[in-house]
Amino acid sequence: MTDDRATDAAPPTPLPVRLRAALDALPAYTPGRPATVREGLVAYKISSNENPFPPLPSVLDVLREAATAVNRYPDMAVTALTAALAERLGVPAERISTGPGSVGVLDQLIRATCDDGDEVLFAWRSFEAYPILTTMAGARPVMVPLGPGDRHDLDAMAAAVTDRTRLVLVCTPNNPTGTTVGAAELDAFLDRVPSDVLVVLDEAYLEFVDDPDAPDALAVHEARPNVVVLRTFSKAYGLAGLRVGYAVAHEPVAAALRKAALPFGVNSLAQAAAIASLEASDELDVRVKELVAERERVVAALREQGWDIPDQQANFVWFGLGDDTAAFAQACDDEGLTVRPYGTDGVRATVAEPEANDRLVEVAGRFLAARRG
């Protein structure tokens, strides 16, 4: 008689699964670390460019109401938010495509434009998601070093365009250096880019810009069919945890973006909060002005200490530290400030509560004095 009972024999070794070779070269996205708790100190996380203000009371009221319907799928077409954005921006609704944060929309853009081996061109250092999204789409990232003042070298970028370039990303203000491109230099650059190459103006930090020379991205988009404007509700609007962003693109590109979108990618809470935030834009503008004033105060204090800080147009401050990057990040961490180091390039510190900003200035002053010996 056959004994069908289980035996102590080891289970067979599972066959290895096949994963994409691109993963081997993929850089990992490094999020800002939580604040390190230090005895006797209030810890501050200033590593993720989050808005220190909580959502407005009117936005919270809308969120509470929307939460009662989360058993239902969100509007996949994001109809109400699209209409609100179209009215606010003065563009046809057909030109707007939404996604889970501007990075989600960018992923759609890359997948809609690139086949294997195509190129996505951008400045470096810039937003670290750029090479990750590009590589995962099977395309090749082409990184053009930043020029003097940690600004985009648009001449070098134009010269780097090839017949395989499908997408050019211009991050302005640039993350993490906080610098912008000028209107005239952008126009000259766009004149050199072939009309069948899509150029994305990534304006995640637009609301913090007060440079009169900054380009009017929507006007540039209107004049040029190959220009896309990318924006988000994560920064100035303080909705980072809800993930909602959008692109303004001419109709054929916007339609392609909607085809490439993750179904139901923008959840119902995000849609409701974004609409409520647009309706409360006057109140939000007050908060933005406060953050810009804090940024200017911090930059002025750091320059008075002797720091060479480039013109900052976002909600953070960039320290170009080179080999001292890790040491400065540790000095901040020792004082309960979690900043964002970038290899051996520098450190980015978010403009946050005044108390956190004051401590950053103090730590930076001591570090610079010790550095000079």
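Trainee: What should I know about the model before reading values from it?
Mentor: Residues are numbered from 1 along each chain as its sequence is written, and side-chain values use heavy atoms, with hydrogens and water left out. Because the model is predicted, local features need pLDDT of at least 70 and side-chain atom pairs count only at pLDDT 80 or more, while totals for chains, interfaces and linings use all residues.

Trainee: Which residues make up domain 1 and domain 2, and what distance separates their centres?
Mentor: Domain bounds here come from an automatic or database domain assignment, which gives domain 1 as 29-54 + 281-372 and domain 2 as 58-279. Taken over C-alpha atoms, the centres of the two domains are separated by 25 Å.

Trainee: How many residues of each domain are in contact, and what area do the domains bury between them?
Mentor: Counting a contact as heavy atoms within 4.5 Å, 24 residues of domain 1 touch 30 residues of domain 2. Buried area is the accessible area (1.4 Å probe) that two parts lose on being put together, summed over both. For domain 1 and domain 2, with 53% of it on carbon and sulfur atoms, that area is about 2,200 Å².

Trainee: How many salt bridges does the rule find across the interface of domain 1 and domain 2?
Mentor: The rule asks for a side-chain nitrogen of Lys or Arg within 4 Å of a carboxyl oxygen of Asp or Glu. D345 and R125 form a salt bridge, with their closest N and O atoms 2.7 Å apart. Across the interface of domain 1 and domain 2, the number of salt bridges found is 3.

Trainee: Which element supplies the largest share of the side of domain 1 that touches domain 2?
Mentor: Helices (H or I, at least four residues) and strands (E, at least two) are DSSP runs, numbered from the N terminus. On that side of domain 1, at least two residues each come from β9 (316-319), β11 (340-342) and α10 (281-305). The largest share, 7 residues, comes from α10.

Trainee: Is the peptide bond that joins W124 and R125 cis or trans?
Mentor: Most residues other than glycine have a negative phi, and most peptide bonds are trans. R125 sits in the loop between β3 (119-124) and α4 (129-136). With omega about 20 degrees, the bond between W124 and R125 is cis.

Trainee: Where does V78 lie, and what is its phi?
Mentor: V78 belongs to the loop between α1 (57-66) and α2 (79-89). Its phi is positive although V78 is a residue other than glycine, and the value is near 50 degrees.
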